[in-house]
Amino acid sequence: MTNTRQAVLTATNLALRYGSAGLPVLADFDLSLAAGEILTLLGPSGVGKSSLLRVLGGLQAPSAGEVRMKGVPLRDVHPRVAVAFQNPGLLPWLSLERNVAFGLDFKRQPLLAKAERKARVDRAISEVGLTHARRLYPLALSGGMAQRASLARCLARQPDVLLLDEPFGALDEVTRADMQQLLLKVVADFGTAVVLITHDIDEALLVSDRIILIGGSPACAVAHWDIDISQPRANHLAELGQIRIEIVKALQKVSLRPH
């Protein structure tokens, strides 16, 4: 799907080096992300996908290049950029409701009136289908419920950009499928732009508008696919199967390259 909408998040000529020796991790990486778009990053383990996500989220400064949020250079964490990881990171001494509200206390979040704060938390919890569990504590939550709570904590911040690092990787297949559908619903309801990291090609094909394959050393974008197929994607398995074959072949070539 070639996106003609205005970009929310852009990255230009990103490079990243680690350590005193300046080990190159990323080089010459460009990205443009529009509202309501799901962009998935695929690539071998250890290639630098999570490092790229930290740079996009303002959690780590690039060695070169620039990230812009709605045209403004991103120098630090941004209140309208939320990040979620495979570990939900819920605080065990807080109820689900208070864990979701806790996201509103993160760095650089605007100070909200009590009524608006409650409205945001209520909507986020309702969006992920956990109204019935709002007073439960993390130990009482299933893995899927904990991931829903983590997503709700992000949504309460009303982010323009949601960065997801393998958020469903530890879930069973049925729960993972439910979370994929929830992600599509969130994007439709909030118009949020999403960057998703996953190792699951099928997951990428089911939810993505675009897929970028990252490879090489230092890592850069080596291939991309526009997934111009309507939802639900399960109704288009033959078309997806052809793209899957292309991705597998490209991924095999990338994995064979020396790092």
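Predicted model: local features only at pLDDT ≥ 70, side-chain atom pairs only at ≥ 80, totals over all residues.
Student: Which strands pair with β8 in the parallel sense?

Tutor: Strands of a sheet pair through backbone hydrogen bonds, either parallel or antiparallel. With β7 the parallel pairing of β8 runs over five bridges, and in it leucine 162 stands opposite valine 194. With β3 the parallel pairing runs over four bridges, and there threonine 40 has leucine 196 of β8 as its bridge partner. The strands asked for are therefore, by the rule that two strands pair if at least two bridges are found between them, β7 and β3.

Student: Which residue of β9 stands opposite threonine 40?

Tutor: β3 and β9 pair in the parallel sense, and four bridges join them. In β9, the residue that stands opposite threonine 40 is isoleucine 211.

Student: Are the residues of β9 buried or exposed?

Tutor: Arg210, Ile212 and Ile214 point to one side of β9, while Ile211, Leu213 and Gly215 point to the other. The strand, which spans residues 210-215, is mostly covered, and six of its six residues are buried.

Student: What is the residue in the turn between β9 and β10 that has a positive phi?

Tutor: β9 and strand β10 (residues 220-226) pair in the antiparallel sense over six bridges, with arginine 210 standing opposite aspartate 226. The two strands form a hairpin with four residues between them, and the turn residue whose phi is positive, at about 90 degrees, is glycine 216.

Student: Against which elements do the buried residues of α5 pack?

Tutor: Helix α5 covers residues 173-190 and reaches 26 Å from its first C-alpha to its last, close to the 26 Å expected at 1.5 Å a residue. Its buried residues include Thr175, Arg176, Met179, Leu183 and Val187. The elements that the buried residues of α5 pack against are β3, α3, α4, β7, β8 and α6.

Student: What contact is found at the start of α5, and which atom does the side-chain oxygen of aspartate 172 reach?

Tutor: The side-chain oxygen of aspartate 172 comes to within 3.1 Å of a backbone atom at the start of α5. Just after the helix, glycine 191 takes a positive phi of about 70 degrees. The atom reached by aspartate 172 is the backbone nitrogen of valine 174.

Student: Which residue lies over the face of phenylalanine 190?

Tutor: The structure holds zero aromatic pairs. The face of phenylalanine 190 does have a residue over it, at 4.0 Å from the ring centre, and that residue is arginine 123.

Definitions and conventions:
Residues numbered from 1 in each chain as written. Heavy atoms only, no water. Phe/Tyr/Trp six-rings, centres within 6.5 Å; stacked < 30°, edge-to-face > 60°. Lys NZ or Arg CZ within 6 Å of the ring centre and 35° of its normal. Expected span 1.5 Å × (residues − 1). Buried < 20%, exposed > 50% of the residue type's maximum accessible area, 1.4 Å probe, protein only. Contact = heavy atoms within 4.5 Å. Polar contact = N/O pair within 3.5 Å; in protein donor to acceptor, adjacent residues only side chain to side chain.
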